Amino acid sequence: MTTMESLIGLVNRIQRACTMLGDYGGGDNAFSSLWEALPSVAVVGGQSSGKSSVLESIVGRDFLPRGSGIVTRRPLVLQLHKTEEGSQEYAEFLHLPKRRFTDFAAVRKEIQDETDRVTGRTKQISPVPIHLSIYSPNVVNLTLIDLPGLTKVAVEGQPESIVQDIEVMVRTYVEKPNCIILAISPANQDIATSDAIKLAREVDPSGERTFGVLTKLDLMDKGTNALDVLEGRSYRLQHPWVGIVNRSQADINKNVDMIIARRKEREYFATSSDYGHLASKMGSEYLAKLLSKHLESVIRARIPSITSLINKSIDELESEMDHLGRPIAVDAGAQLYTILELCRAFDRIFKEHLEGRRPGGDRIYGVFDHQLPAALRKLPFDRHLSMQNVRKIVSEADGYQPHLIAPEQGYRRLIEGSLNYFRGPAEASVDAVHFVLKELVRKSIGETQELKRFPTLQAEIAAASNEALERFRDESKKTVIRLVDMESSYLTVDFFRRLPQEIEKAGGPGAAAATAPAGDRYAEGHFRRIGSNVSSYVGMVSDTLRNTIPKAVVYCQVKEAKQSLLNHFYMLLGKKEAKQLSQLLDEDPALMERRQQCSKRLELYKAARDEIDSVSWAR
């Protein structure tokens with residue numbers, strides 16, 4: 001194989017692989033950019049200009065649908081792959097990757113059927129391309145794109161916008177700087193009216209990318225010729241014009257072999273009095289070689305940018321493969337190790353949230369510093385220790401016999417009733433921290449990139465974590481309620497022993513009330529003093545609980561979550577069978593598909609890079 005065939009064959013293989021992987025333009029990433037960076041040939045012409053015949057002449061096979069009006073209604077991306085001499089010719093469609101066509105009449109039918117599948121049996125068009133590869137020893141390595149023929153008027157059954165729709169579709173291909181334009185014009189029409197030349201001049205004003213092809217030379221009026229065009233006097237291009245003689249309708253009807261048609265074409269130019277001096281530079285075979293040679297020079301110029309783009313694609317793919325993670329092992333031991341590693345990764349992130357290396361743990365402190373104090377301040381002690389309620393409770397506590405010195409039972413009932421109010425804020429603190437911990441579990445699972453592959457394991461870890469947090473919450477509630485109950489079960493005696501001394505030191509109405517006759521002890525000042533004393537004691541307990549409740553909550557919930565969040569889950573994992581472990585590592589099918597696609601692309605691009613490096617650039 002020559003260097004030129006190696007270069008063009010390499011580009012063809014990359015394009016072929018890109019189409020198989022879906023990277024054939026239309027995206028904004030490096031993958032679709034690679035397709036667009038590779039040179040290809042777009043065949044442009046008006047309807048019935050002979051585009052299909054030119055393509056069939058280059059391929060050497062009769063395989064395209066024919067008919068009047070608009071026949072090509074979807075772009076056909078045709079990739080020609082040169083094979084060894086004597087090998088069998090065959091074709092493959094991208095949408096039928098496992099089927100080889102050796103009957104080219106069946107290829108024609110499949111193109112028509114696939115067109116109808118998208119556009120229906122109408123004269124509508126679609127920009128969705130059909131990808132066809134032909135492998136033959138009789139072709140040169142090329143990628144050709146057959147586009148719908150340009151038209152000036154919509155016919156019956158077509159929308160009025162079809163003229164503009166076709167032009168927009170054609171422009172999306174020919175405006176790309178790496179697209180070579182094969183502008184097909186019939187010789188029996190004035191070149192000044194050529195749709196293909198008009199469009200090519202607009203998108204390629206310098207003519208560097210345009211090859212002019214003149215068809216139907218044999219159908220010109222007698223006594224006329226197309227030498228002014230072919231020799232560049234009527235319209236000059238950077239590249240030479242090429243004349244083509246297609247098969248006649250009679251030859252098509254008789255199914256004349258394309259090899260015979262090529263021989264007839266050579267004979268026509270060789271024996272023509274008008275074109276004989278140009279015979280060596282005319283015909284479909286010369287056109288194919290001319291395009292192939294030009295492609296080689298374009299590829300040579302593009303190699304640095306193609307290599308750079310391939311390297312960029314490889315870097316992006318390797319980064320994504322790292323992100324997606326490595327494939328899962330099949331044996332139970334390796335699967336258990338993988339699960340434990342994933343659990344540890346989650347647990348590490350969860351701890352980072354608690355310890356402040358990631359946001360969220362500070363919300364627990366917010367519960368203790370804001371929510372708990374605010375709840376304690378809002379407790380209804382003013383109602384419970386109102387004059388009316390103090391009188392009622394103290395009187396009821398005395399029963400049938402009034403207290404003699406101090407209403408101790410009344411004090412105890414007032415204090416116990418007040419302390420019961422602390423249960424609410426204590427339990428609310430537990431619930432608030434529980435909510436924060438659950439939210440941190442959810443965030444940590446979402447931030448554990450490795451877990452995103454395994455939705456089943458995610459759900460199991462979430463369930464196990466929340467179950468553990470529920471246990472920690474239950475224990476924490478028991479503990480904080482115990483703290484409140486302990487305050488109720490044994491009152492601080494010294495507090496009350498100090499009260500008479502403080503009253504005596506203070507003197508005034510309070511001291512008088514303390515030493516007043518028994519009948520006066522049921523006066524309003526007496527009950528006010530009792531309420532005030534109880535309020536002071538409750539305030540002291542409130543300060544104590546404000547410090548001890550956070551300690552209990554952190555010890556029972558936060559510390560346990562840090563140390564043993566998944567301990568029970570680890571124990572259950574050790575008892576699971578291989579099948580159950582495999583189910584936990586049941587990946588998201590979309591991620592599996594994405595990894596497989598990335599792996600294929602990575603393999604393609606690395607092979608392409610190796611091939612480029614191995615090709616000899618000696619001219």
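A crossing is termed left-handed if the near helix is turned anticlockwise from the far one by less than a right angle, and right-handed if clockwise. In this predicted model, local features need pLDDT of at least 70 and side-chain atom pairs count only at pLDDT 80 or more, while totals for chains, interfaces and linings use all residues. Residues are numbered from 1 along each chain as its sequence is written, and side-chain values use heavy atoms, with hydrogens and water left out.

H15 passes H20 in a right-handed crossing. Helices are DSSP runs (H or I, at least four residues), numbered from the N terminus. Helix H15 (residues 408-420) packs against helix H20 (residues 524-564) at an angle of about 40°, and their axes are 10 Å apart. Axes are lines fitted to C-alpha atoms, for helices over the stretch in contact, and angles run from 0 to 180 degrees between N-to-C directions. H15 and H20 are therefore oblique to each other; angles under 35 degrees count as roughly parallel, over 145 as roughly antiparallel, 65 to 115 as roughly perpendicular and the rest as oblique.

On the H15 side, the contact (heavy atoms within 4.5 Å) involves Tyr 411, Leu 414, Ile 415, Ser 418 and Leu 419. These residues meet Arg 529, Ile 530, Asn 533, Val 534, Tyr 537, Val 538 and Val 541 in H20. The contact of H15 with H20 comprises nine nonpolar, two polar and one charged residues. Here Ala, Val, Leu, Ile, Met, Phe, Trp, Tyr, Cys and Pro count as nonpolar, Asp, Glu, Lys and Arg as charged, and the others, Gly among them, as polar.

## H16 with H17

Helix H16 (residues 423-447) and helix H17 (residues 455-489) cross at roughly 160°, with axes that come within 9 Å. H16 and H17 are therefore roughly antiparallel to each other. Their contact has 11 nonpolar, five polar and eight charged residues, and the crossing is right-handed.

## Cavities

A search of the whole structure finds three cavities of 30 Å³ or more. A cavity is a set of points, on a 1 Å grid over the protein atoms alone, where a 1.4 Å probe fits but cannot get out; lining residues have an atom within 4 Å of a point. Grid points are joined across faces, edges and corners, and a volume is the space filled by probe spheres set on the points.

The largest cavity holds about 90 Å³, and its lining includes Leu 64, Arg 73, Ile 111 and Asp 146. That lining divides into six nonpolar, two polar and three charged residues. The second largest cavity has a volume of about 40 Å³. Helix H9 (residues 258-271) gives the most to its lining, with four residues.

Terms used:
On a 1 Å grid over the protein atoms alone, a cavity is a set of points where a 1.4 Å probe fits but cannot get out, and a pocket is an open set with protein on both sides within 12 Å along at least five of seven lines; lining residues have an atom within 4 Å of a point. Helices (H or I, at least four residues) and strands (E, at least two) are DSSP runs, numbered from the N terminus.
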